[in-house]
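Welcome! Take a moment to turn the model around before reading on, and then we will walk through it together, one region at a time.

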Amino acid sequence: MNEKRELQVKAAIAGALGHENCLISFYCARKSQSIYVILGRHMCQYLAIRISNHRAFSGFQKVPTFFLRSQEQLTAELSEFLKTATWRTFDYQDFFVLSLVKFGHHHGTTFQIDDSYATFSEESQAMIFYQLIRLGRRQRVMMNALPAELNQALAKLYASDLIGSFSNQQSLLVYLSEGGRRLLDLHAGQYMPQFMQDYQQVDWHNLNLPAVALLTDRDQDQS
């Protein structure tokens with residue numbers, strides 16, 4: 001990433017932020033000119049944006065993209081965008097599912113996006129996630145389907161760029177993005193006590209959302 005470009009983008013964002021907003025995460029991609037940003041404001045709200053010279057890798061990622069032509073131009077566009085932008089609430093369900101992605105390797109677990117028949121690549125149907133479990137010394141791999149609620153929660157996190165995917169031996173594996181890591185740390189004080197209770201009950205061969213996380217999601221649907 002060009003130093004001048006990085007500084008211009010960060011200065012443009014700073015110029016567009018109001019006093020009630022903050023910059024939570026600023027990540028420069030290693031292999032492209034893309035910059036991934038998480039903005040925050042009161043009441044656990046966040047907003048993901050992307051500054052790049054090309055479209056996003058996947059249409060399932062619902063993060064608005066901005067192009068840098070000048071610092072002043074980007075500041076003006078971001079200022080206008082923030083007036084009507086829809087902010088997301090980082091709730092306990094988000095915290096719980098991101099933590100499963102983060103700590104899953106301790107239990108032989110990774111998550112994979114289904115791309116059989118190019119359903120992900122061609123965006124021909126909704127995203128489907130699987131759990132991969134490595135068993136025994138011979139590293140035998142078992143693939144588990146996930147319940148609908150957990151699959152939807154992962155799709156929501158992918159859409160807001162809190163998780164991403166990379167290709168590995170013809171598989172699309174899920175990873176925790178820099179923005180996801182920062183939000184986990186930022187809200188640990190709020191959600192960690194409940195998470196410690198629920199984490200003790202996790203069945204890694206039969207993953208489900210805890211009751212508290214399901215209630216959080218239903219409350220948001222009704223609000």
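The buried residues of α1 pack against β1 (21-28), β2 (35-41), β3 (45-51) and α2 (71-84); here a contact means heavy atoms within 4.5 Å, and buried means under 20% relative accessible area, exposed over 50% and partly exposed in between, with a 1.4 Å probe and protein chains only. The names of helices (H or I, at least four residues) and strands (E, at least two) stand for DSSP runs numbered from the N terminus.

Before going further, a word on how to read the model. This is a predicted model, in which local features need pLDDT of at least 70 and side-chain atom pairs count only at pLDDT 80 or more, while totals for chains, interfaces and linings use all residues. Residues are numbered from 1 along each chain as its sequence is written, and side-chain values use heavy atoms, with hydrogens and water left out.

Which residues of α1 are buried? They are Arg5, Val9, Ala12, Ile13 and Ala16. Seen down the axis of α1, these buried residues fall within an arc of 100°, so they line one face of the helix; the arc is that of the directions from the helix axis to the C-beta atoms. On the face turned away from the buried side, α1 carries the exposed residues Glu3, Lys4, Leu7 and Ala14. At the start of α1, a side-chain oxygen of Asn2 comes to within 2.8 Å of the backbone nitrogen of Lys4. The length of α1 can be checked too: at 1.5 Å a residue, its 14 residues (3-16) should span 20 Å, and its end C-alpha atoms are 20 Å apart, which agrees. The expected span is 1.5 Å times one less than the number of residues in a helix.

Now step back to the whole chain. It has seven helices and ten strands, and buried residues make up 47% of its 223 residues. Among the contacts with a separation of 6 or more, 57% are between residues 24 or more positions apart.

Next, look at the loop between β2 and β3, where Met43 is found. Met43 has a positive phi of about 60° although it is not a glycine, and it is exposed, with a relative accessible area of 65%. Cys44 is found in this loop as well, and Cys44 also has a positive phi of about 60° without being a glycine.

Is Thr109 buried or exposed? Thr109 is buried, with a relative accessible area of 2%. Its side chain and that of Gln131 are joined by a polar contact of 3.0 Å. Leaving aside residues up to four places away in sequence, Thr109 touches Gly104, Gln131, Leu132, Ile133 and Trp204. A polar contact is a pair of N or O atoms within 3.5 Å; within protein, one must be able to donate a hydrogen and the other to accept it, and residues adjacent in sequence count only if both atoms are side-chain atoms.

Finally, visit helix α6 (residues 188-199), the place of Met192. At 30% relative accessibility, Met192 counts as partly exposed.
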